[in-house]
Amino acid sequence: MKIWVDADACPVVIKNVLFRAAERTRMQLTLVANQPIRIPPSLCIKMLQVASGFDVADKEIVKRLSIGDLVITGDIPLAAEVIEKGGYALNPRGELYTEDNIKERLNMRDFLDTLRASGIDTGGPPALSQKERNAFANHLDKLLTKFAKNA
């Protein structure tokens, strides 16, 4: 199992949690972004820079994804593709996307896009709370423990 990070929009605090987890578990972690991202020196942690453009990083992640890999992303369409391809998707706020909840998330995203297109300000997401950081770390730990047992 590998961990892929949609790194352009991933909060630094979440990247730091991922760096520690990769070192602890010796699991391969790859950050994919269209700009250079500083990573700690490690054999387990890599940075893959892709060209700029709409969804270029997302497409690269899906292209390289294997069944059972974990993708860290807040991008709901990317999460849907990951699930469809047999991977796991966890958002930086600690929510695991599943076959059961991804369609609802896609519908809500599309609804909000429609509102924004009609000129309604829907606001952005709130700042990442400590509770959400903890939820992310806990969910990540559960997934990594599960994968370690199945390996």
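**Talking through the fold**

Modeller: Let's start with the surface: the protein exposes about 8800 Å², and carbon and sulfur atoms supply 54% of it. Keep in mind that this is a predicted model.

Biologist: Fine. What makes up the fold, in order from the N terminus?

Modeller: The run is β-α-β-β-α-β-α-β-β-α-α, which comes to five helices and six strands.

Biologist: Why is the protein called as compact as a globular protein of that length?

Modeller: Take the globule rule, 2.2 Å times the number of residues to the power 0.38. For 151 residues the rule gives 15 Å, and the radius of gyration is 15 Å, close to that value, so the protein counts as being as compact as a globular protein of that length.

Biologist: And how much of the protein counts as buried?

Modeller: Buried means under 20% relative accessible area, and 39% of the 151 residues count as buried.

Biologist: What makes a set of residues a nonpolar core?

Modeller: They must be buried residues of the nonpolar kinds, including Leu and Ile, joined through side-chain atoms within 4.5 Å. The largest such core here has 27 residues, and Ile3, Val5, Leu18, Leu29, Ile72 and Leu140 have the most contacts inside it.

Biologist: Which element gives the most to this core?

Modeller: Helix 1, with six residues.

Biologist: What does Leu29 touch?

Modeller: Leaving out residues up to four places away in sequence, Leu29 touches Ile3, Val5, Leu18, Phe19, Ala22, Cys44, Ile45 and Lys46. Another core, of 18 residues, lies apart from the largest one, with Leu78, Val82, Ala89 and Tyr97 among its members.

Methods. Residues numbered from 1 in each chain as written. Predicted model: local features only at pLDDT ≥ 70, side-chain atom pairs only at ≥ 80, totals over all residues. Heavy atoms only, no water. Helix = DSSP H or I, 4+ residues; strand = E, 2+ residues; numbered from the N terminus. Buried < 20%, exposed > 50% of the residue type's maximum accessible area, 1.4 Å probe, protein only. Areas by Shrake-Rupley, 256 points an atom, 1.4 Å probe, with all protein chains shown as cover. Contact = heavy atoms within 4.5 Å.
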